[in-house]
Amino acid sequence: MVNNQSNSNNPRLNYDFRRKKNAEGMRIQVATFTLMIFFTVVSFVAVAADFSKWFVIPFILLLAVVQVGFQLYYFMHMSEKGHEAPSLFMWSGITVAFVTVLAFMTIIWW
Amino acid sequence: MSTIAQKRGFASTIWDYLTTVDHKKIAILYLIAGGIFFLMGGIEAMMIRAQLAVPNNDFVSAGLYNELLTMHGTTMIFLAAMPLLLGFMNAVMPLQIGARDVAFPFVNALGFWLFFFGGLFLNLSWFLGGAPDAGWTSYASLSLASEGHGIDFYALGLQISGFGTLMGGINFLVTIINMRAPGMTYMRMPLFTWTTFVASALILFAFPPLTASIFMLSFDRMFGANFFNVAAGGNTIIWEHFFWIFGHPEVYILILPAFGIFSEIFSTFSRKRLFGYSSMVFATVLIGFLGFMVWAHHMFTVGLGPVANAIFAVATMAIAVPTGIKIFNWLLTIWGGSIKFTVPMLYAVAFIPSFVAGGVTGIMQAVAPADYQYHDTYFIVAHFHYVIVGGVVFALLAGVHFYWPKMFGTMLSEKIGKFTFVFFFIGFHLTFFIQHFLGLMGMPRRVWTFLPGQGLDAGNLISSIGAAFMAIGVILLLLNVVITSVKNERVGNDPWEDGRTLEWAIPSPPPFYNFKQLPLVRGLDAYWLEKMEGKTTLTPAEPIGDIHMPNGSFTPFVISLGLFIAAFGAMYHVDDKAWAIPVLIGGLAITFGAMAYRSIKDDHGFHIHKEDLMDDDNEDKGVKA
């Protein structure tokens, strides 16, 4: 993991700090993982409960967006130091793709 | 033109360039290939102007005229301007950030060879039954109706060269993010490096839409798909959108590096720090961002409706703001400077009014209702030649003179250079200024000929005479290159005497490892800072140690050659030729085989040992012995 990197040969260096940090990371990962499973269950329930499609589709899309955020920021550590450039480029790419799709939805298939 | 002064056979030099992964040699390859395509595009332009010099002319046929104008646009954008800029990026950017090469030297070579074979494929159309003839935009309904293989050459050739450009862009991004010398923070990067960075980001986001649309066009034409075929349920407007989602950022991919070259030239020859450095960076990033929000201004007359037109009109006008910031910063850089009017500086000074003229007509066209009047007239032709020639080509010519000593170790003659400038500058304005008025008087774009007595005769003749002036300018430049190479008078590290950035601290041309020790960067204009403290060398950031270098490789050439061969198979498959599908499969097999070979075989490169570097106690090499 990124926060385990050290330029010292001494394995005991900052041992307590790294241990604490890893424990915290693990706690967050387990929590997010639980939440993601919960989201999946909720979306299945939403479909099974036979709500109007005008509720179900946006709702599931919203959950999907949140899950992608969890995946990127908690599982793939995009929030940690050293990930600024990938994060910038991913968001720029998402923006460009979004604008393109939006334009196609609004001004081509009118 | 060898980069290292040592005797070697001609064949071995050729082999060296075929297998090189050195960014400086790849830059020279880009310069040569891009230069040749530039001349071809220029010859096509001359033929266009010869045809239009007098009314009712029959110098070329109508069909050939369509091919000429299509190939002129396509060649100049994809095969001349962009590769020449990529050449300068390759030559200069790694030196400016204090790196020993780009992040992926192998991919860099692959990018060049893909571009080269794509361009070669496109231009072979002249000999194999007719060039593309649907304009450089190749709008779908027209290009689907085009007979022969012209459009197939366009689609496949641009697809292959587009892969190369995309790779180049990603490579530069990774290089700038990861390989800056110690102390080179983002806000200490020279402006050419910044514009390379933003232009590369634009390449990263703009080329995938082009790739997607060209794939759809290829499948429509060659494999029976119906993406754009309205009769079969497709939508022809999709091509236009995809093309311009790519096409508008593309013009910023061209102009931003040009801005970067001019920023370096202005501060060097005004002998002043660039005025408003941080606002320049901000403006560059903002132009890059807005570049994606304006593509539909090419399509005002398509019928998108008043709301869409209004949104895109306003977004387009907004781009004038960051561009204006840049123009004023350049003016204020010159103001109060100790100015030297060298050839690069002449181009830079001439660029400001020329480009502003192009920008002003751009704002005129951004007004959607007015654009209905300008659309598809010579007014548009005048506008985009003012920005592309007055901006990009001026920057390329300025860059050739400015960076020639760093790339080849000799100075281009200033005297001939000034003649080149005068001819090109006068020729440029003579050719294109009058075209504004031809357009306003109603002369449409892309017409093969015009009738006498409609008030268009004199204007077109003047325009053609101007084109001849530009041709003289280019010929003088070629002459200059030949004379300089024959004379071969070597120059030192800093031939302009006022170099500000890292590249001027190392020999011309640099040793193949660039920096013996990585330099410590202590601020913007790192070399200038050291010179102001009375030093002649940079402060090293590391002790002398072994340098890890990549091995040369022939694989990039083979990978690209495979796609080149496969393209013929894909194209002649339409004619039900029995050999077409085997050739397609064979070509792809060569490409993927070469890629597998590269993946499986370990190549760890080699080390230049510390002792060899120590022996060589030439003070000029690298940072400091």
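Begin by selecting A:Val45, which is found in helix α1 (residues 15-48) of chain A. The structure on display is a predicted model. A:Val45 is partly exposed, with a relative accessible area of 48%.

Next, colour chain A by its annotation. The unreviewed UniProt entry assigns "transmembrane region" to residues 28-49, 55-76 and 88-109 of chain A. Over residues 28-49 of chain A the model is 95% helix and 0% strand, and the end C-alpha atoms lie 31 Å apart. For residues 55-76 of chain A the figures are 95% helix and 0% strand, with 30 Å between the end C-alpha atoms.

Now move to chain B and select helix α14, residues 378-408. Of the 31 residues of α14(B), 30 are buried, so this helix is largely enclosed by the rest of the structure. At the N-terminal end, display B:Thr377, which caps α14(B) through a side-chain oxygen 3.1 Å from the backbone nitrogen of B:Phe379. Follow the helix to B:Phe402, where α14(B) bends by about 45°; a proline, B:Pro405, follows within four residues. After α14(B) comes B:Gly409, whose phi is positive, near 80°.

The next stop is helix α11 (residues 320-334) of chain B, where B:Thr323 lies. Is B:Thr323 buried or exposed? B:Thr323 has a relative accessible area of 15% and is buried. Show side chains and backbone here: a polar atom of the B:Thr323 side chain lies 2.8 Å from the backbone oxygen of B:Ile319.

The remaining stops are in loops of chain B. Select B:Arg271, in the loop between α8 (237-270) and α9 (277-290) of chain B. B:Arg271 is not a glycine, yet its phi is positive, about 50°. With a relative accessible area of 31%, B:Arg271 is partly exposed.

Proceed to the loop between α16 (457-487) and α17 (526-532) of chain B, which contains B:Pro509. A cis peptide bond, with omega about -15°, joins B:Ser508 to B:Pro509. Finish at B:Asp525, which lies in the loop between α16 and α17 of chain B. What is the phi of B:Asp525? The value is near 60°, positive in a residue other than glycine. B:Asp525 is buried, with a relative accessible area of 10%.

Key
Residues numbered from 1 in each chain as written. Chains lettered and ligands numbered in written order. Predicted model: local features only at pLDDT ≥ 70, side-chain atom pairs only at ≥ 80, totals over all residues. Heavy atoms only, no water. UniProt positions renumbered as here; feature names shortened; annotations may be inferred. Helix = DSSP H or I, 4+ residues; strand = E, 2+ residues; numbered from the N terminus. Bend = angle between axes of the 7 residues up to and from the residue. Buried < 20%, exposed > 50% of the residue type's maximum accessible area, 1.4 Å probe, protein only. Polar contact = N/O pair within 3.5 Å; in protein donor to acceptor, adjacent residues only side chain to side chain.
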